[in-house]
Amino acid sequence: MGYGMISETGNVLVKLLSDNLVPDVVTTPDGIGMCSPDDHGDLNLGIYLYDVAESEEILAPGMVNSGLRRQAYPSTFLDLYYMLTAYSNSDLKFRAGEEQRILGRVVQVLRDNSVLPEHALGEGANLAARIELQQMERYEKMRLWNFPNIPYRLSLFYRVGPIEIASAKTRDIVRVTDVDFMVREQLDR
């Protein structure tokens, strides 16, 4: 629920995909990881967080009571945007087919697991997050692939959210605990 939720969400995606792609289309769990497309090392599937935006689905409520004398400031709810790119080390004539199989399996796994429950997101998560394939124009995908001297590779684009980042700021409050009413009688003159 704290500031680590962005990182934790990425770790959950890596684990979900590792559990479902290894050994069918990716040989080892180490073949799937978080990386920038211009620095993917020996990964077969790179997951790149390319944008973070405030969620438009959930408006943060006002102050939240945490006990009788304390209130917490409202949480921030975010949508995380990921680019998933497959990389094959196969011979040139098999490379495109292998990368397409990896991406096809990714689509299947993320559709079948389109909701990340609270318990999967870690301790303190209060709501489930949805995984949605983004419908984007080809031009927009090319624009996001902004890595000089690296040709565009077929990639999938997903939104995961809402993700809650709880505020660490609180304030002390004083509750009304006693009310004393005084009634005065007015005399007619």
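**Notes on the salt bridges**

1. Start with the network: salt bridges link E57, D79, R130, E132 and R159. A salt bridge here is a side-chain nitrogen of Lys or Arg within 4 Å of a carboxyl oxygen of Asp or Glu. Across the whole structure, the search turns up seven of them.

2. Before going on, keep in mind that this is a predicted model, where local features need pLDDT of at least 70 and side-chain atom pairs count only at pLDDT 80 or more, while totals for chains, interfaces and linings use all residues. Residues are numbered from 1 along each chain as its sequence is written, and side-chain values use heavy atoms, with hydrogens and water left out.

3. Now look at E57 and R159, whose closest N and O atoms are 3.1 Å apart in a salt bridge. This pair joins distant parts of the chain, 102 residues apart: E57 is in the loop between β2 (45–54) and β3 (64–65), and R159 is in strand β8 (residues 155–165). Strands are DSSP runs (E, at least two residues) and helices likewise (H or I, at least four), numbered from the N terminus.

4. R159 also meets D79 in a salt bridge (2.9 Å, N to O). D79 sits in strand β5 (residues 76–86) and R159 in strand β8, so this contact ties together parts 80 residues apart in sequence.

5. Buried or exposed? E57 is partly exposed, at 43% relative accessible area, whereas R159 is buried, at 6%. D79 is buried too. (Buried is under 20% relative accessible area, exposed over 50%, partly exposed in between, with a 1.4 Å probe and protein chains only.)

6. Finally, K15 and D19 form a salt bridge (2.9 Å, N to O). They are four residues apart in helix α1 (residues 5–21), so about one helical turn separates them.
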